[in-house]
Structure formats: C-alpha cells, structure tokens
Amino acid sequence: METFRPEKNEKMSDNSFKFMNFTFKLMDFIYPYVKKRSKTFGISEGMTVIDYGCGPGRYTTEFAKIVGEKGKVYAADIHEMAIAEVKKKIVKMNLNNVETVLVNGYNSPLPDQTADIICALDMFFIIKEPTEFLKELNRLIKDDGILIIDDRHQKRSKTKEKILKSGLWTIYKENKDHLCCRPVKS
Ligand SMILES: C[S@@+](CC[C@H](N)C(=O)[O-])C[C@H]1O[C@@H](n2cnc3c(N)ncnc32)[C@H](O)[C@@H]1O
C-alpha cells in the first residue's frame, strides 16, 4: 500500500491556488472580514503566533501588526506559492516580524513549543490525517498555548470529533466562528 503523503495528496494545483488567491482578494476588497476577525483570537503584543496553512497571508499580516516588533509570526504552508505570496506581502508592507515556513507533509522545521497561539483557519477540512496533523500542532504549541481552529467546509460535529479523537487537544471554548483548544502534553 502506498504511504499517505500530504504534500502529494493535499496540496492544491498552482491554478487552484491562483484562483483561491484571486477570490480572497475580491472578498477582502468587498468586506474587511479578516481584519475584524483577527482581533477575536486573543492575540496580543509580543506573542509568537503560527498562521498554519497561511495561504496568501491575509491573516499573517494582520497578526504581524497585532504582535508588533516584540512579537513574531510564522507563516506556514505546504504550498510554495503561498510562501512566495507572503514573502511579497511582507516586503511590500515592510514587516520585519514575519518568517515563512514551508511545511513538508505534516512536519515543519520549527522547534518544539514555539507558539503562544496557533491559528489553523479555513484549512482543517482539507487535512486527511487529522491526528497526525494535530500531533504536529501539539508539538509546536507552548504548554499554556492555544490552538484556534475553524470548521469551514465541514460540520462542527466533525471538527470536534477529529479534535477529540486525537486525544491531543481539549476544547475549552467555542463560538460560531471557531474553537479554542488547549494542548494535552505527554
Ligand atoms: C483555503 S486556504 C486558507 C488560507 C488562509 N488560512 C486563509 O484563511 O486565508 C488553505 C491553505 O492551507 C494550506 N494547506 C493544506 N494542507 C496543508 C498542510 N498539510 N500543511 C500546511 N498547509 C496546508 C493550503 O496550501 C492553503 O494555502
């Protein structure tokens, strides 16, 4: 049996990425939803945040403004085009507190306990091996850190089932937009 490889099985085509980027630009032009939403995750000045599955970085740049010069944002994605888009944005916006991270499968080169907050937005529904994915996020979060994760194209019950089945996170708060999780550290 062939081994499951997220970088092969989950990564969208370049054309799909371009289309997604165009759609996001249009949406963000019409309604400043990302800016407004970014303020609801509990991110504050000086924090280290990982925007996991950052796409073209529409949240990354908002997070960078919130954490400020004393903080840090890692923009992580499996797609090279996402990394290239974020790099373009941070140069254009002169943001010195953002680092891009190309993810290989469910593995990132970042050290253990990197983040105060990890945001996995509009991407969990894509993940085919949720426990493996959540294991990596558990490794990256600090003991008292928080994972913000949303449902998007899946039902809330499904999101919860995947999180709880992993045994690696507890859900301590939720609203219609996202769930807040704490790590279960071994
Ligand atoms: C629908 S986009 C959302 C982008 C961004 N979070 C937003 O809300 O604007 C999903 C992103 O998740 C990324 N992705 C999918 N599987 C991934 C994985 N295993 N690891 C990291 N990123 C992944 C895709 O490449 C894509 O950029």
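Mentor: Two strands are taken to pair when DSSP finds at least two bridges between them. Keep in mind as we go on that this is a predicted model. With that criterion, strand 6 and strand 7 pair through five bridges and run antiparallel, and the two form a hairpin with four residues between them. Within this pairing, Thr 170 stands opposite Arg 182 in strand 7.

Trainee: How many bridges join strand 5 to strand 7, and in which sense do they run?

Mentor: Strand 5 and strand 7 are joined by three bridges and run antiparallel, with Leu 147 standing opposite Cys 181 in strand 7.

Trainee: In what order do the strands lie in the sheet?

Mentor: The sheet is open and has seven strands, which follow the order 3-2-1-4-5-7-6 with mixed pairing. Strand 3 (98-102) and strand 6 (169-174) are at the edges, each having a single partner strand, so one side of each is left without a neighbour in the sheet. From one strand to the next, the twist averages 25°.

Trainee: In which sense do strand 1 and strand 4 pair, and what packs on the sheet around them?

Mentor: Strand 1 (residues 48-52) and strand 4 (residues 115-120) pair in the parallel sense over three bridges, and Asp 51 stands opposite Cys 119 in strand 4. Helix 4 (residues 58-67) packs on the sheet, where this helix touches strand 1, strand 2 (72-77), strand 3 and strand 4, its direction making about 165° with that of strand 2. Helix 5 (residues 80-92) also packs on the sheet, touching strand 2 and strand 3, and makes about 170° with the direction of strand 3.

Trainee: Which residues of strand 7 are on its covered face, and which on its uncovered one?

Mentor: The general idea is that side chains in a regular strand alternate between the two faces of the sheet. In strand 7, Leu 179, Cys 181 and Pro 183 make up the covered face, while Cys 180 and Arg 182 make up the uncovered one.

Trainee: Which residues of helix 6 are buried, and where do they fall around its axis?

Mentor: An α-helix has 3.6 residues a turn, so residues three or four places apart point the same way. In helix 6 (residues 130-140), the buried residues are Phe 133, Leu 134, Leu 137, Asn 138 and Leu 140. Viewed down the axis of helix 6, these buried residues fall within an arc of 160°, so they line one face of the helix. Their cover includes strand 1, strand 4, strand 5 (141-149), helix 7 (156-166), strand 6 and strand 7 (179-183).

Trainee: Which residues have the most contacts inside the largest nonpolar core?

Mentor: Nonpolar side chains tend to be buried together in soluble globular proteins. Here the largest nonpolar core has 44 residues, and those with the most contacts inside it are Val 49, Ile 117, Ile 118, Cys 119, Ala 120, Leu 137 and Leu 147. At least two residues of this core come from each of strand 1, helix 4, strand 2, helix 5, strand 4, helix 6, strand 5 and strand 7. Apart from its neighbours within four places in sequence, Leu 147 is in contact with Ile 118, Ala 120, Leu 137, Ile 141, Trp 169 and Cys 181.

Trainee: How many helices and strands are there in the whole protein?

Mentor: The protein has seven helices and seven strands. Its radius of gyration is 16 Å, close to the 16 Å that the globule rule gives for 186 residues, so the protein is as compact as a globular protein of that length. Of its 186 residues, 38% count as buried.

How values were computed
Residues numbered from 1 in each chain as written. Predicted model: local features only at pLDDT ≥ 70, side-chain atom pairs only at ≥ 80, totals over all residues. Axes fitted to C-alpha atoms, helices over the stretch in contact; angles between N-to-C directions. Contact = placed C-beta atoms within 7 Å. Buried ≥ 20, exposed ≤ 12 C-beta atoms within 10 Å, placed from the backbone. Arc of directions from axis to C-beta. Core = buried A, V, L, I, M, F, W, Y, C linked by C-beta atoms within 7 Å. Rg over C-alpha atoms; globule rule 2.2 N^0.38 Å.
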